Amino acid sequence: MLPNKLKIIMIGPSESGKTQIANFISESINIEEAGTPSPTQGVRIVEFEVSNLSINGKITNIDIELWDCSGDHKFESCWPALRMGVHGVILVCSPSTAQAAAREMELLYNYFVSQPKLSTKQCVLFYNSTHENDDMDTLNLSTFSKVSQVSVNLKTGDNRLKKDFSNFVASILQTINASN
């Protein structure tokens with residue numbers, strides 16, 4: 001049986017654009033009108049619904065709890081609570097965080113995906129690029145070869161991001177359904 005609500009964690013290095021992505025996906029704010037976000041303190045939970053997902057031939061709606069988590073390690077003591085009951089993980093990095101991203105992303109992947117024994121289908125990597133010439137290939141993320149990697153550009157590819165997110169949610173639900 002499928003859950004009626006999914007808990008999805010969005011985490012990555014500080015200043016990688018997690019809050020902007022969370023706001024856009026949840027339609028919390030209009031991106032064009034948004035100012036520069038301030039750093040998230042601990043965690044911010046955004047609740048919304050994803051509609052018209054096709055899961056095993058059935059159309060369904062699902063409530064989402066998107067946990068927009070701070071990338072600041074001073075909140076690392078909160079990680080056990082963040083991880084509890086998680087169904088999916090979105091790892092976010094950007095060109096400005098690329099230098100530290102590979103090592104940081106491995107740490108986050110191990111803690112939030114490997115240790116709680118989530119499937120690679122319950123994880124996605126969003127590379128938040130702000131310019132069209134930003135390239136994901138500059139990152140050495142071989143650890144994530146089995147994890148979906150999505151280039152995100154809120155300025156030019158907004159409809160694609162919502163579709164990619166819906167596909168990720170469907171993947172989580174199919175994985176949960178297959179394990180039941």
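Start in strand E2 and select Asn52, which lies in that strand. This is a predicted model. Phi of Asn52 is positive, near 60 degrees, in a residue other than glycine. Asn52 counts as exposed because its relative accessibility is 60%, and exposed means over 50%.

**The whole chain**

Zoom out and colour by secondary structure. The protein chain has four helices and six strands. Read along the sequence, the pattern is β-α-β-β-α-β-α-β-β-α. Of the 180 residues in the chain, 47% are buried. Now consider contacts between residues at least 6 apart in sequence: 73% of them join residues at least 24 apart.

**Helix H1**

Select residues 18-26, which form helix H1. How many of its nine residues are buried? Eight are, and the helix is mostly covered. The buried ones are Lys18, Thr19, Ile21, Ala22, Asn23, Phe24, Ile25 and Ser26. Step on to Glu27, which follows H1. The phi of Glu27 is positive, near 60 degrees.

**The largest nonpolar core**

In soluble globular proteins, nonpolar side chains tend to be buried together. Here, the largest nonpolar core has 30 residues. Which of them touch the most other members? Select Ile8, Ile64, Ile90 and Phe126. Several elements each supply at least two residues of this core: strands E1 (5-11), E2 (43-55), E3 (58-69), E4 (88-93), E5 (123-128) and E6 (148-152), together with helices H1 and H4 (158-179). H4 gives the largest share, eight residues.

Stay on Ile90 and show its contacts, leaving aside neighbours within four places in sequence. Ile8, Ile9, Met10 and Ile11 are in contact with Ile90.

A second core is separate and has 23 residues. To find this second core, select Val89, Ala101, Met105 and Val147, which are among its members.

Move to Ser94, in the loop between E4 and helix H3 (98-114). Is Ser94 buried or exposed? Ser94 is buried, because its relative accessible area is 4% and the limit for buried is under 20%. Display what Ser94 touches, not counting residues up to four places away in sequence. The partners are Glu15, Ser16, Tyr127 and Asn128.

Select Cys93, which is buried at 0% relative accessibility. Then select Cys123, also buried, at 2%. Do not look for a bridge: the disulfide count comes to zero.

**The cavity**

Rolling a probe the size of a water molecule over the atoms shows where empty space is left. In this structure there is one cavity of 30 Å³ or more. The largest cavity has a volume of about 30 Å³. Which residues line the largest cavity? Select Ile11, Ser70, Gly71, Asp72, His73, Trp79, Glu104 and Leu108. Colour this lining by type: three residues are nonpolar, three polar and two charged.

**Exposed loop residues**

Next, go to Ser77, in the loop between E3 and helix H2 (79-83). Ser77 counts as exposed, at 67% relative accessibility. Draw a C-alpha to C-alpha line from Ser77 to Gly42: the two are 9.8 Å apart in space and 35 residues apart in sequence.

Then select Lys117, in the loop between H3 and E5. The phi of Lys117 is near 60 degrees, a positive value in a residue other than glycine. Lys117 is exposed, with a relative accessible area of 73%.

Finish at Lys146, in the loop between E5 and E6. Is Lys146 buried or exposed? Lys146 is exposed, because its relative accessible area is 69% and exposed means over 50%. The C-alpha atoms of Lys146 and Cys123 are separated by 9.5 Å, and the two residues are 23 apart along the chain.

Methods: Residues are numbered from 1 along each chain as its sequence is written. This is a predicted model: local features need pLDDT of at least 70, side-chain atom pairs count only at pLDDT 80 or more; totals for chains, interfaces and linings use all residues. Side-chain values use heavy atoms; hydrogens and water are left out. A disulfide is a pair of cysteine sulfur atoms within 2.5 Å. Buried means under 20% relative accessible area, exposed over 50%, partly exposed in between (1.4 Å probe, protein chains only). A nonpolar core is a set of buried Ala, Val, Leu, Ile, Met, Phe, Trp, Tyr and Cys residues joined through side-chain atoms within 4.5 Å. Contact means heavy atoms within 4.5 Å. On a 1 Å grid over the protein atoms alone, a cavity is a set of points where a 1.4 Å probe fits but cannot get out, and a pocket is an open set with protein on both sides within 12 Å along at least five of seven lines; lining residues have an atom within 4 Å of a point. Grid points are joined across faces, edges and corners, and a volume is the space filled by probe spheres set on the points. Ala, Val, Leu, Ile, Met, Phe, Trp, Tyr, Cys and Pro count as nonpolar, Asp, Glu, Lys and Arg as charged, and the others, Gly among them, as polar.
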